[in-house]
Structures are given as structure tokens and as C-alpha cells.
Amino acid sequence: MPAEVVKMRGICKAFGSVRANDKVDLDIFKGEILTLLGENGAGKTTLMNVLYGLYQADSGSIAINGKAVHISSPLVATDLGISMVHQHFMLVNSMSVAENVVLGVEPRKGIFFDRAKSFEEITRLSQLYGLKVNAHDVVSKLPVGMKQRVEILKALYRQSDILIFDEPTAVLTPQEVNDFFGVLKSFKEAGKSIVLITHKLKEAIEVSDRIAIMRQGRMVDTLEKPFADINTLAELMVGRRIMFSIDRKLMPEELPVLMSLRQGTLKQDGVTRLADINLDLHGGEIHGIAGVDGNGQTELAEVLTGLSRLTSGEILIEGQVIKSPTPAKMLASRLGHIPEDRSTRGVISRFSVSENLILGYQTNKIFSGKVQLKHKKIEAFATETVKRYDIKCDKISDPIRTLSGGNQQKVVIGRVMSEDPLIVIAAQPTRGVDIGAIEYIHERIMELRDSGKAILLISADLDEVIKLSDRVSVMYGGRLVSTDLVSNYDERRLGALMAGQTEESLLKEAQ
């Protein structure tokens with residue numbers, strides 16, 4: 001039996017009336033990879049934040065290597081050999097990659113910070129693990145995927161014995177995920193202990209020795225790898241059976257083009273964000289965009305929805321050029337938008353559920369008179385939409401910030417779908433929501449597709465892109481480098497294209 005390096009007993013942590021952790025017990029052993037699974041809000045990250053010292057438990061105890069400890073801060077955790085890579089980045093944007101990585105444990109030359117040594121060491125680590133991060137780059141200039149790698153480098157640099165990773169693979173290509181798992185396994189072989197927080201069931205099964213499942217702040221079970229399968233894990237997480245298959249209606253071979261982008265180019269601050277993009281969206285088809293975050297996906301969604309203005313090129317809906325697109329014009333053209341960041345583009349946190357359900361459509365005649373809003377009509381619409389889209393809230397007059405992330409996302413989706421859109425731009429539609437809400441959102445997207453609507457699906461989750469899409473385009477460096485039917489891609493080809501290889505180089509490799 002391996003040595004027990006962490007023993008957490010009876011951990012309780014509340015935020016107001018919400019019990020994030022309710023008498024949680026957890027053991028972590030030397031030289032193992034332990035995965036924490038659970039729905040959004042199940043308490044996984046809170047538990048690890050307690051172990052890392054970001055939060056202090058209201059009650060309970062922690063022992064490291066058999067010795068009772070009080071972890072009052074991340075500095076104490078670091079001294080105890082604990083590092084954490086957070087889902088939400090803990091980086092100083094104005095500093096370089098190297099400065100961020102060594103922050104708090106800087107190399108010294110006498111009494112001074114040894115800047116040259118920090119750059120040298122981070123460059124060595126980056127090359128050693130194939131992370132391809134420039135130690136001199138300023139963090140504020142990095143795309144999301146690169147920022148995640150900087151967080152990983154921070155843990156590698158500290159050479160901790162207990163490593164906690166919160167959703168570390170969300171912005172990596174399949175090859176990068178495999179490389180990262182290789183790093184985890186090398187840590188394990190060196191006797192280090194790894195805790196992996198992920199919502200990806202396949203990853204949990206692939207890389208873990210044990211899988212601990214949390215639900216509503218409690219630990220419900222811990223399974224050894226041989227006894228874990230996707231259906232069992234999903235049911236333990238949610239408390240009910242989850243359907244992973246998608247019923248896909250067979251569509252005609254010839255589908256109408258409902259939206260087109262022609263030679264779309266976008267330059268911002270002297271940088272080309274999109275380069276000569278040609279894209280057709282067909283009715284009755286989900287067109288997925290695969291790519292590592294930061295390769296133009298956000299900009300593509302913004303130009304198609306009128307949030308950004310093309311430098312050159314044009315947008316057509318049903319063959320008609322949309323001149324000087326704006327969000328209002330695109331809404332009027334029956335384009336619906338599920339934004340990638342619901343907190344900044346999807347909802348207004350202080351507004352009520354009912355107000356958020358008409359956001360962007362508040363000037364429609366059904367909701368607005370000449371002088372004021374038709375509050376009874378809005379209330380009736382909101383009540384019906386909450387029921388139809390299974391949005392869990394106490395009252396439609398409650399601020400939307402009181403809803404869970406999954407239910408906030410359902411508000412966004414209910415709002416878009418209730419307006420009977422012709423085209424939907426769905427950017428990261430399931431980011432940050434739990435597996436039960438993911439199942440629901442996928443079903444609604446498929447309903448749109450089966451009713452003949454055109455959907456552009458932009459997702460950092462490659463499994464989601466493959467599962468839902470009929471056709472896939474790969475984005476790299478602001479360009480569409482490949483487009484094909486999803487059935488013609490395998491994970492290796494997609495991953496290579498996402499990492500910057502061309503179709504021509506892949507053909508040469510195959511010959």
C-alpha cells in the first residue's frame with residue numbers, strides 16, 4: 001500500500017447559506033493520479049482551494065505526510081510541497097512569462113533578482129516538456145491557450161510533491177493532451193501525487209489510478225480505475241442516467257447556404273486576426289470549428305454577429321450582402337448568438353431572469369410599446385420560457401446572478417431559440433456548465449439542426465465538436481486551414497492541423 005501523503009477529514013466550507021463542502025473526506029497517496037469529478041458547483045475546486053490555502057475550512061482537519069497542518073495561505077502550501085494550476089488564471093498580465101513562473105520563488109544573485117537565470121530556466125522547462133512558450137513574452141499579449149501553459153510551467157518550476165490541476169486540458173490539442181498526460185505519468189513515476197479536476201470522463205478514465213466523485217458538496221464515491229466506466233461515473237456525478245448518444249436526423253445531401261463569409265479579413269491594432277476566411281453555413285447542418293483557443297475563433301464569432309467590423313470581405317445571409325453589419329442588424333436578419341463568455345456578453349448579472357430572457361429583443365413589438373415595456377407580456381413570456389427550457393430558479397424576478405452557471409446558460413439558449421433564429425452562432429455553448437446541463441444544451445442544438453437551421457459551433461472541447469458537427473473546419477493562426485465532413489477526420493489529423501501542420505505536410509507523411 002503506497003504511503004498516504006494527504007488526509008482530509010470532515011472538511012466543511014460554506015459561502016453564506018451555501019455549503020460548498022459538507023463533511024468531505026479525501027485521501028491522496030504517494031505516486032498516484034487521483035481525479036476529482038463532479039458537476040459544476042459540486043465542491044471540487046473549493047476542496048482543492050482549501051488544500052492549497054486559498055480558502056480556510058470552517059471545520060475539519062488536514063494532515064500532510066502524517067502531520068497535522070494548518071494551511072493558512074498558498075505560501076504555506078508551497079512550503080509543504082503543494083502546487084495548484086487553476087482553471088481561472090492566477091497571472092500578472094503586465095509581467096513576462098518567466099517572471100510569472102518564478103514569482104514568489106525567484107532565483108537570486110546576491111540580494112538581487114537573477115532575471116537572466118529565470119529566463120534560462122523557464123526556456124529549458126518549456127523545451128523539455130514541449131510547451132512552446134516564449135519566456136520573454138508579456139502575459140497580457142498571450143492567447144488563452146498559452147496562458148494555461150504558463151500556469152502549468154509554474155507547477156513544474158516549483159517541483160512540488162503534490163500537484164493539483166484544475167481543468168488543465170481545456171485549451172490543449174489532442175497531441176498536447178497526450179504530451180501533458182505523459183508529463184503527469186512521469187511525475188507519478190517520480191513518486192509525486194497528482195490531483196486532476198476535470199469534467200472530461202474519458203480523460204479521467206484514461207489517466208487516473210483512482211476517481212473520486214462529488215455531488216452537492218459531498219463525496220459520494222471513490223472508484224479504482226478498473227471499476228470506472230463512463231456511464232457509472234456520469235450517474236454518480238448527476239444522480240441519474242445520462243444519454244451520451246445523439247439522435248441525428250438524416251438530412252438531404254444538397255442543403256441551402258443560409259450564411260456566407262467571403263474573403264473575411266480582420267486587422268486590429270496592426271495585427272491580422274482573421275485572414276481571407278471563406279465559410280458557408282448550410283441549413284440543417286452543424287458546422288464545427290476546431291482549434292486551440294486564441295487562433296481566431298473569438299474574432300470569427302464577433303465579425304459574424306456584428307460585434308466587430310471586417311477590415312475587408314463581406315457577409316451574406318440567404319444570398320443578400322449585409323452592409324455595415326451591427327448586432328442589431330444581425331438580430332433583425334434572424335441570427336442568434338450564444339456568446340462564449342455569458343458573464344460579459346450573455347447576461348447582465350444585476351438584471352432579473354425575465355429581463356435577461358428578452359435582452360437584445362426588448363424593442364420587439366411583443367415586449368415594447370411606444371413608451372414603455374409591456375411587463376405582463378414579458379412576465380408571461382419569461383414564465384413560459386423558464387418552464388420550456390427547464391431553467392431552475394425561484395422567481396423570474398430574481399437577479400440572474402442567483403442562478404447556477406448551467407441555468408444562466410439555459411437562459412441564454414432559451415432567449416435565442418425562442419426567437420426562431422435562422423442561423424445560430426454558438427460559441428463555447430457548454431463552457432463551465434455541468435454534465436447534466438451539457439446533455440440538455442446538446443439536445444437543443446440538435447433540435448435547431450434538425451429543424452433546418454444553420455449552426456456554427458465554436459468549441460474548445462474537441463469531443464463536443466466531433467460529437468455534434470456534420471462538417472468541421474480547423475482554425476490556426478486566424479485562417480481556416482482545413483474543411484471536411486466530420487466523418488473524414490480522425491483525432492490525429494485534427495490534432496496535427498490544430499497544432500499548425502498543413503494538409504500537404506500530412507499527405508507527405510502518409511506517403
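Biologist: Why is Asp 420 called partly exposed?

Modeller: Asp 420 has a relative accessible area of 40%. Buried means under 20%, exposed means over 50%, and partly exposed is what lies in between (1.4 Å probe, protein chains only), so Asp 420 is partly exposed. Before we go on: this is a predicted model, where local features need pLDDT of at least 70, side-chain atom pairs count only at pLDDT 80 or more, and totals for chains, interfaces and linings use all residues. Residues are numbered from 1 along each chain as its sequence is written, and side-chain values use heavy atoms, with hydrogens and water left out.

Biologist: What makes the phi of Asp 420 worth a mention?

Modeller: Phi there is near 50°, a positive value in a residue other than glycine. Most residues other than glycine have a negative phi. Asp 420 sits in the loop between H14 and E19; such helices (H or I, at least four residues) and strands (E, at least two) are DSSP runs, numbered from the N terminus.

Biologist: Which loop holds Arg 334?

Modeller: That residue is in the loop between helix H10 (327-332) and strand E18 (335-338). Arg 334 isn't a glycine either, yet its phi is positive, about 65°. With a relative accessible area of 36%, Arg 334 is partly exposed. Asp 390, which follows H13, also has a positive phi, near 55°.

Biologist: What makes the pair of Phe 15 and Tyr 55 edge-to-face?

Modeller: The structure holds two aromatic pairs. Rings of Phe, Tyr and Trp (its six-membered ring) pair if their centres lie within 6.5 Å; planes under 30 degrees apart count as stacked, over 60 as edge-to-face, the rest as tilted. Phe 15 and Tyr 55 have ring centres 5.2 Å apart and planes at 70°, so the pair is edge-to-face. Phe 15 is in strand E1 (residues 4-15), while Tyr 55, 40 residues apart from it, is in the loop between helix H1 (44-52) and strand E4 (59-64).

Biologist: Which residues have the most contacts inside the largest nonpolar core?

Modeller: They are Ile 286, Ile 338, Leu 357, Ile 391, Val 411, Val 424 and Ile 455, in a core of 35 residues. Such a core is a set of buried Ala, Val, Leu, Ile, Met, Phe, Trp, Tyr and Cys residues joined through side-chain atoms within 4.5 Å. H12, H13, H14, strand E19 (423-427), helix H15 (435-450) and strand E20 (454-458) each supply at least two residues. H15 gives the largest share, seven residues. Another core, of 32 residues, lies apart from this one, with Tyr 157, Val 177, Phe 181 and Ile 194 among them.
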